[in-house]
Amino acid sequence: MQCSVPLFDAVPLITVFVCVVLGQLLGRIKLGPVQLGGVCGALLVALLIGQTGCMAEGSLKDFAFALFIFAMGFSAGPQFVENLNLRGLRFGVLSIIEVVFVFGIVMIAVKVLGLDAGTAGGLAAGAATESAMVGTAIEALNRLGLAPESFKALQANVVTAYTLTYVFGLITIVLFTNLLAPRLLGIDLRQDSARLAREMEDENGGETGAPAAPDLVGRSYRVAHPGLTVATLEAAFEARVAVERVRRGSTSVPVAQSLVLEPNDELLLVGRRDAMLEAHTLVGREVAGTETNDIVLVERDFVMTNKEAEGRTVSDLRREAPVDVRHGVFVKSVRRMGMQLPSLGKIPLQRGDVVTLQGLQSDVDRAGEVLGKPVPYGNKTSLVFVGVALIVGLCIGHLSVRIGGVPMTLGSGGGALLTGLASGWLLSRRPTWGTFPPAAYELLKDLGLAVFVVCVGLSAGPQAAVLLREHGLALPVVGICVSLIPALVSLWVGHKLLRIDGPILIGAIAGQQASTPAISAVVQTADSALPVVGYTVTYALSNVLLPLMGPAVVFVAHQFSR
């Protein structure tokens, strides 16, 4: 088939990147709290350009999807594995509800509306706003042994059904989490988040925003009160300030918790800026100490791997850790799946969390060795590590088991997803084994998925109108049901049975549908990062369970249609 646009016909790759760029621009358009995003935008543009006959042939589609699904698994790996326990099961119930109800509603639609396997796969992917399911569903179609023309038609139906239902599924989950769910729970999302944050004592003194000035400072003070010891002075600061050096006359005195301070001793204090405001009252006047000129305060990221620290909060660790480990070390932030958690004293840490420590180099290194492994510096990707993991995943994906005469395999996408999960978890435990920086895997996720959907969108363009004429109005209605019903059930279960706090529960519901736009809107509405606590768990689980459900939807729908 020839493209009617000469430039696109001469250089097909230009078509792909034009769709990606225009799709990203279209996806930025925001109507209230709803924003399509670059993936749906790229797919819409590809469907339109596909009407001209422009296509992207070859293995580019499969290559792009393998990179995307591996990177997605890698980013979710630490959280997915760490939540395969009783603690994670509490939130995992919501992801299971999502999978069960999405599958059930789609199968009802298959029987009532007579949907084919391709339309069923696209409906599930779009209404659940899980773009990765488009790839796993198309891979499953490819293993049904269909004639080329039949496969091409069903592939087009996957893309068209996804595009139709994604918009309605996205609008539904955004409006549900931001407007309907708080009303059903009888809460004001902003006020309830603020109340819950106050109950969860902030390790940084309740400050959740980034300060305008550096939050860690070093100052010198002259002791004015007799009888003070290092231990009693640090206790008076509630461990938010540490005595790093003591100068008595012209001699430096070794710092120890039992050291009795004498009047006129010069102390170098390092700690939180706000706590340092009380130093002149507790210690004495500030002096222009020469000791402050040669101190270097550092900031280092560590992957939390210490099994004994798992499940404990930052406050627990500060209280329970030996003084020689925690002295002079301050926790700036905790990131989980790339999202910063509120630094709250009652949020348990998990292995794989990235904890940012501040303090003197010696103090930070000492505490970091106990907490976990330092995040390697640099922005290089270990292509050998990533390449081997992809090779293993693609091989696993082609292993086949026949069930009821139907060959069941994970496919390339499922295999790459599993090795991505394993690789992400492995590097969270052994960061020195390889490097795959967040910027690198985010690029692979965004570009890989965009290129994939453009390729299938261009191929589906000519057949898209057929599905629109056959099921046009019915699919959006079913899409709304697929998005809304699991969210309602999860809200009731989470509130009545699991007793999850409202803001965290709403964040978890956004995560169970793997909706980044929904959690972004929730955080903005709540004016708090607290909903992220629930979102990270269900997002990691749903990002694995929903794509793996894609082949099941296709195979069962195919059996129904025979």
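Residues are numbered from 1 along each chain as its sequence is written, and side-chain values use heavy atoms, with hydrogens and water left out. In this predicted model, local features need pLDDT of at least 70 and side-chain atom pairs count only at pLDDT 80 or more, while totals for chains, interfaces and linings use all residues.

Reader: How many helices and strands are there in the protein?

Author: Helices (H or I, at least four residues) and strands (E, at least two) are DSSP runs, numbered from the N terminus. On that basis the protein has 23 helices and 14 strands.

Reader: What percentage of the 562 residues in the protein is buried?

Author: A residue is buried under 20% relative accessible area, exposed over 50% and partly exposed in between (1.4 Å probe, protein chains only). For the 562 residues of the protein, the buried part is 55%.

Reader: What share of the contacts with a separation of 6 or more comes from residues 24 or more positions apart?

Author: Contact means heavy atoms within 4.5 Å. Among contacts in the protein with a separation of 6 or more, residues 24 or more positions apart account for 81%.

Reader: Over how many bridges does E8 pair with E11?

Author: Strand E8 covers residues 297–304 and strand E11 residues 354–360. Val298 has Gly359 as its bridge partner in E11, and Asp301 has Thr356. The two strands pair in the antiparallel sense, and the number of bridges is 7.

Reader: Which residue of E12 is the bridge partner of Val303?

Author: E8 and E12 pair in the antiparallel sense over 3 bridges. In E12, the partner of Val303 is Lys373.

Reader: How do the axes of H9 and H22 lie, roughly parallel or roughly perpendicular?

Author: Two packed helices are described by the angle between their axes and the distance between the axes. The axes of helix H9 (residues 189–199) and helix H22 (residues 516–526) come within 7 Å and cross at roughly 75°. Angles under 35 degrees count as roughly parallel, over 145 as roughly antiparallel, 65 to 115 as roughly perpendicular and the rest as oblique. H9 is therefore, relative to H22, roughly perpendicular.

Reader: Which residues of H22 meet H9?

Author: On the H9 side, the residues are Leu189, Arg190 and Ser193. Their counterparts in H22 are Val522, Gln524, Thr525 and Ala526.

Reader: Why is helix H6 described as largely enclosed by the rest of the structure?

Author: Residues of H6 (residues 117–127) that are buried include Gly118, Leu123 and Ala127. Helix H6 is largely enclosed because the buried residues number 11 of the 11.

Reader: Which backbone nitrogen does a side-chain oxygen of Asp116 reach at the start of H6?

Author: The side-chain oxygen comes to within 2.9 Å of that nitrogen. The nitrogen belongs to Gly118.

Reader: What is the relative accessibility of Ala127?

Author: Ala127 has its place in helix H6. Leaving aside neighbours within four places in sequence, its contacts include Thr165, Tyr166, Gly479 and Gln513. Ala127 counts as buried, at a relative accessibility of 0%.

Reader: Is Ser423 buried or exposed?

Author: Ser423 lies in helix H17 (residues 411–429). Beyond its neighbours within four places in sequence, Ser423 is in contact with Phe70, Phe74, Phe385 and Ala389. With a relative accessible area of 6%, Ser423 is buried.

Reader: Which side chain makes a polar contact with the side chain of Lys445?

Author: Lys445 lies in helix H18 (residues 438–460) and is buried, with a relative accessible area of 11%. A polar contact is a pair of N or O atoms within 3.5 Å; within protein, one must be able to donate a hydrogen and the other to accept it, and residues adjacent in sequence count only if both atoms are side-chain atoms. At 3.5 Å, the partner of Lys445 is the side chain of Ser75.

Key:
Pairing = 2+ DSSP bridges. Axes fitted to C-alpha atoms, helices over the stretch in contact; angles between N-to-C directions.
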